[in-house]
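Please keep the sequence and the coordinates in view while reading.

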Amino acid sequence: MAISRNEITKELIFHSDRGSQYASYTFTRIIKSYNGLVKQSMSRKGNCWDNAVAESFFKSLKVEWIYKHKYQYRSQAELSIFSWIETWYNKNRKHSALGMKSINQFELEMYNNNLAA
């Protein structure tokens with residue numbers, strides 16, 4: 001989703017755990033198709049700190065949203081989670097790792113700083 005919404009002009013790191021979906025031939029081929037602009041990074045075995053930001057996101061998603069809703073169908077869950085991420089998490093939720101800014105605020109500042117440079 002990040003790649004489809006933004007033009008990649010500098011190296012991007014895709015960090016994940018060692019799940020089979022990320023180690024698969026199909027996925028690694030997609031990463032390589034970006035001609036070195038996307039680098040794949042995986043957590044070290046048994047080291048949860050490598051993936052702390054992602055783990056924090058999933059904890060927030062579960063506690064702040066998923067556990068408060070019941071879904072009858074997978075499609076309902078997908079739409080609900082997408083809406084939470086796009087309308088709340090990215091736009092309003094402040095993140096200590098980003099200097100207490102929302103993701104959208106942080107991205108806008110980065111974009112404006114790159115234009116000014």
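How many positive and negative side chains does the protein have, and how far apart do the centres of the two sets lie? The protein has 17 positive and 10 negative side chains, and 4 Å separates the centres of the two sets. In this count Lys and Arg are positive and Asp and Glu negative, while His and the chain ends are not counted. The place of each charge is NZ of Lys, CZ of Arg, CG of Asp or CD of Glu.

The model is predicted: local features need pLDDT of at least 70 and side-chain atom pairs count only at pLDDT 80 or more, whereas totals for chains, interfaces and linings use all residues. Residues are numbered from 1 along each chain as its sequence is written, and side-chain values use heavy atoms, with hydrogens and water left out.

## Overall architecture

Six helices and two strands make up the secondary structure of the protein; these are DSSP runs numbered from the N terminus, with helices (H or I) of at least four residues and strands (E) of at least two. Their order along the sequence is α-β-α-α-β-α-α-α. Along the principal axes, the C-alpha atoms fill a box of roughly 40 × 40 × 30 Å.

The protein exposes about 9300 Å², of which carbon and sulfur atoms supply 57%. Accessible areas come from the Shrake-Rupley method with a 1.4 Å probe, and for residues only the protein chains shown count as cover. Of the 117 residues, 20% count as buried; buried means under 20% relative accessible area, exposed means over 50%, and partly exposed lies in between. Among contacts with a separation of 6 or more, 50% join residues 24 or more positions apart, a contact being heavy atoms within 4.5 Å.

## The nonpolar core and its surroundings

In soluble globular proteins, nonpolar side chains tend to be buried together. Here the largest nonpolar core consists of six residues, namely Phe57, Leu61, Trp84, Tyr89, Leu98 and Ile103. Such a core is a set of buried Ala, Val, Leu, Ile, Met, Phe, Trp, Tyr and Cys residues joined through side-chain atoms within 4.5 Å.

Asn90 lies in the loop between α5 and α6 (103-116). Asn90 counts as buried because its relative accessibility is 10%. Glu86 is found in helix α5 and counts as buried, at 17% relative accessibility.

## Ser24 and Phe27

Ser24 is located in the loop between α2 (20-23) and α3 and is partly exposed, with 25% relative accessibility. The Ser24 side chain reaches the backbone nitrogen of Phe27 at 3.2 Å. Phe27 belongs to helix α3 and is buried, since its relative accessibility is 19%. Apart from neighbours within four places in sequence, Phe27 is in contact with Phe14, Gln21, Tyr22 and Gln40.

| Residue pair | Positions apart | C-alpha separation |
|---|---|---|
| Ser24 and Trp88 | 64 residues | 32 Å |
| Val53 and Trp84 | 31 residues | 18 Å |

Val53 lies in helix α4 and is exposed, with a relative accessible area of 68%.

## Backbone of two loop residues

Most residues other than glycine have a negative phi. Asn35, which is not a glycine, has a positive phi of about 50°. Asn35 is in the loop between α3 (25-32) and β2 (38-42) and is exposed, at a relative accessible area of 72%. Met100 likewise has a positive phi, near 60°. Met100 is placed in the loop between α5 and α6, and its relative accessible area of 51% makes it exposed.

Technical notes: Buried means under 20% relative accessible area, exposed over 50%, partly exposed in between (1.4 Å probe, protein chains only). A polar contact is a pair of N or O atoms within 3.5 Å; within protein, one must be able to donate a hydrogen and the other to accept it, and residues adjacent in sequence count only if both atoms are side-chain atoms.
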